[in-house]
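Work through the exercises below with the sequence and the model open. Each task is followed by a solution in steps.

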Amino acid sequence: MSVTFSFDEKTAQQLSLIYQSEDIREMQRQYRVWFDPRPGENILDVGCGTGINALALSKMVGAGGKIVGIDNSDAMLAVARATAVAGNIEYQLKAVEEMEFPEDSFDGVVCTQVLGYTADAMPVIQAILRVVKPSGRVFIAETDWDTLVYNIPDKELQRKVTLGFSDHHGDGWFGRRLYSLCQQAGAKQIDLHHYVIHNDEYSARRYGGPLSYVIRDYLLRTKKCTQEEVERWMRQLSDAFDNHTYFFSLNRFVCILRK
Ligand SMILES: C[S@@+](CC[C@H](N)C(=O)[O-])C[C@H]1O[C@@H](n2cnc3c(N)ncnc32)[C@H](O)[C@@H]1O
């Protein structure tokens, strides 16, 4: 993971807000339709973050099932332990690279928006495949950050913002590389889906709103844009919303693997 992007307390709070946005809740609903959790299943949530998905999954597997959420960030797990609690969820502070679950442990594994933050994704995908049962499935979702779209008047500025933020965790092209990585990791069967998050409302309720604050902080911290550029960008976002030209979109890719 880049030293300039960390899942600290401030990021955990910002992400917690983002995950409550309508777009992300809708996307997670679609993800769960594709993943299809069943009552009684034992599910591993790799990089569970603030636990929002673990909580939804825990209701679907019911009291006879179990969710194990692992994450290597104390700050993210602190939010999960405070806000996403259920009798059948267990959270563990653990890096995916250090998983020690026995082979064929889980009916399903979900790993959304995590692989891009690991130093070497291939062995991680292989380790995840190892712990899922032969009858189970692994759900992996990743973003292609070069597809970050905000409609503002200044094209050059938006291009600078998109490219400046794209590699914030190392490889912003992880989304477009996910399918071939899963093939190379040895998955026997891969179902590919794509999901486009989009909306025309610049507000805290929609993903592009709170995301713009994460982007602003990152661009300033890394000096990829000047203070003046970042302020101009934020102003143009608000103005675009006021004059009904605002539009946001971002492409995500999902692979469902079987071994
Ligand atoms: C963008 S968040 C996604 C959270 C959650 N999966 C979701 O989609 O809502 C990425 C999460 O992966 C965790 N993470 C990053 N690298 C990790 C690693 N090597 N092992 C375990 N967790 C990791 C981060 O701490 C963070 O909580």
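**Exercise 1. Pairing of β1**

Task: Find the sense in which strands β1 and β4 pair, and over how many bridges.

Solution: Strand β1 covers residues 42-46 and strand β4 covers residues 106-112. Helices (H or I, at least four residues) and strands (E, at least two) are DSSP runs, numbered from the N terminus. Two strands pair if DSSP finds at least two bridges between them. β1 and β4 meet this with 3 bridges, in the parallel sense.

The model is a predicted one, in which local features need pLDDT of at least 70 and side-chain atom pairs count only at pLDDT 80 or more, while totals for chains, interfaces and linings use all residues. Residues are numbered from 1 along each chain as its sequence is written.

**Exercise 2. The whole sheet**

Task: Give the order of the strands in the sheet, and state which strands stand at its edges.

Solution: The open sheet is formed by 7 strands, and their order is β3-β2-β1-β4-β5-β7-β6, with mixed pairing. At the edges are β3 (89-93) and β6 (189-199); each has a single partner strand, so one side of each is left without a neighbour in the sheet. On average, neighbouring strands are turned by 15° against each other, direction ignored. Axes here are lines fitted to C-alpha atoms, for helices over the stretch in contact, and angles run from 0 to 180 degrees between N-to-C directions.

Next, take the antiparallel pairs. β5 and β7 are joined by 9 bridges, and Glu142 stands opposite Phe253 in β7. β6 and β7 pair over 11 bridges, in the antiparallel sense; Leu192 has Cys255 in β7 as its bridge partner.

α2 (residues 22-35) lies across β4, β5, β6 and β7 (248-258), and runs at about 165° to β6.

**Exercise 3. Covered strands and the core**

Task: How many residues of β2 are buried, and which residues have the most contacts inside the largest nonpolar core?

Solution: A residue is buried if 20 or more other C-beta atoms lie within 10 Å of its own, exposed if 12 or fewer, and partly exposed in between, with C-beta atoms placed from the backbone. In β2, 6 of its 6 residues are buried. Lys66, Val68 and Ile70 point one way, and Ile67, Gly69 and Asp71 point the other way. In a regular strand the side chains alternate between the two faces of the sheet. β7 is mostly covered too, with 8 of its 11 residues buried.

A nonpolar core is a set of buried Ala, Val, Leu, Ile, Met, Phe, Trp, Tyr and Cys residues joined through C-beta atoms within 7 Å. The largest one has 73 residues, and those with the most contacts inside it are Val109, Cys111, Ile128, Phe139 and Ile140. The strand that gives the most to this core is β5 (residues 132-150), with 8 residues. Two residues are in contact if their C-beta atoms, placed from the backbone, lie within 7 Å. Ile128 touches Val46, Val109, Cys111 and Val138, not counting residues up to four places away in sequence.

**Exercise 4. Around the ligand**

Task: Which residues come nearest to the ligand?

Solution: Of the 20 residues around the ligand, the nearest are Phe7, Gly47, Gly49, Ser73 and Thr112. A residue is near a molecule or strand if its C-beta atom, placed from the backbone, lies within 6 Å of it. α3 (52-61) and β2 (66-71) are the elements that give two or more residues to this shell.
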